[in-house]
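Here is a set of questions and answers on how some structural terms are applied, with each value set against its definition.

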Amino acid sequence: MTTVAGTPAPQPDPRPLLTPYETEHGAHLETIARLSTVLGAMRAAVAADNLGHADPLCWVRDALNLEQLLPEPGALPEQVAARPYIPRGML
């Protein structure tokens, strides 16, 4: 089918439309996957510490950096713990 000007008419998107539930469910699954990466890094850090590795927190730093969750430079631990940061799109 062509339009009046002779250009092809736009075709409908063949992908099925997602319901709001499916969209929300997908967002939750993405959040779970991102948080499980950080949790896995925390567990790896504890295991590395148990084995006496020199820098066990490298696991956590890398995971937090990947998710853009590192605290601001100069932030105090008490401040970071008191004000958890959840980036947009994480919830």
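α2 is followed by Gln68, whose phi is positive, near 55°; helices here are DSSP runs of H or I with at least four residues, strands are runs of E with at least two, and both are numbered from the N terminus. This is a predicted model, in which local features need pLDDT of at least 70 and side-chain atom pairs count only at pLDDT 80 or more, while totals for chains, interfaces and linings use all residues. Residues are numbered from 1 along each chain as its sequence is written, and side-chain values use heavy atoms, with hydrogens and water left out.

Q: Why is Glu67 called buried?
A: Buried means under 20% relative accessible area, exposed over 50%, and partly exposed in between (1.4 Å probe, protein chains only); Glu67 has 10% relative accessibility, so it counts as buried.

Q: What makes the pair Arg34 and Glu67 a salt bridge?
A: The term requires a side-chain nitrogen of Lys or Arg within 4 Å of a carboxyl oxygen of Asp or Glu, and the N to O distance between these side chains is 2.4 Å.

Q: Why is Asp55 called partly exposed?
A: Its relative accessible area is 38%, so Asp55 falls in the partly exposed class, and Arg61, with which Asp55 forms a salt bridge, also counts as partly exposed at 38%.
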